[in-house]
Amino acid sequence: MLLDRKDTLQKIGIDVYHQRKKDAAKKLNSNQADVWKALEKNVSSCQKCSLHESRTQTVFGVGDTNADWLFIGEAPGKDEDIKGEPFVGRAGRLLNEIIFASGLTRESVFIANILKCRPPNNRDPHQEEVESCFVYLKKQIELINPKIIIAVGKIAAQQLLNTDQTMADLRGSIHSFGKKDIPLVVIYHPAYLLRSPTQKSKVWSDIVLAKESIN
Ligand code: SF4
């Protein structure tokens, strides 16, 4: 008897993950969809902090607004500022691989940043910039209502969890975000993994942790 792909992979010891069917109740209703559009428009013309002076364009986020998985990085870099999309370029391709290895696709998750505009020379965000911009991300999280948040890198994790703990302290645990206690797992930033590829296996264990927290 012919084995299907799932049986074959499992027989050779590879776990097969499937994206669960979307919860229909999670879909943005028309009112929420209008709020989303208005939010995107507000961000595109935002001048609440000085980063608007040096940006090429804002980077609102990309993906499925009904996603179960929300990946959040710190801020757009040079490529993202040019393209208007988070996590593009080499680091973006590696994030795509991490997402794919999780049994998901870039289109089936949502990817955003704490800041919607690029800090000059990719410096770390200033606290007043985060305070100005965080309201947009909070609204995105409220509307998407994800089952899990993946904080990508130290800066994103520290800002989301309001802590100055190190990556060593933050990784490997399930944290929670906001009043809804959305599970949050911290992974290394792909830009760091490009410099330190031996750390990649740790990301996989963090993704397994994230899967366990929502299954
Ligand atoms: S970083 Fe955020 S708060 Fe600052 S100008 Fe851009 S969108 Fe507005």
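In which sense do strand 1 and strand 3 pair, and over how many bridges? Antiparallel, over two bridges, with strand 3 at residues 110-113. Pairing needs at least two bridges found by DSSP, and strands are DSSP runs (E, at least two residues; helices are H or I, at least four), numbered from the N terminus. Gly63 stands opposite Phe110 of strand 3.

A word on the source. This is a predicted model, where local features need pLDDT of at least 70, side-chain atom pairs count only at pLDDT 80 or more, and totals for chains, interfaces and linings use all residues. Residues are numbered from 1 along each chain as its sequence is written, and side-chain values use heavy atoms, leaving out hydrogens and water.

Last, the ligand. Residues around the ligand (a heavy atom within 4 Å) include Cys46, His52, Arg55 and Tyr136. The shell divides into six nonpolar, two polar and three charged residues. Here Tyr and Cys count as nonpolar, Arg and Lys as charged.
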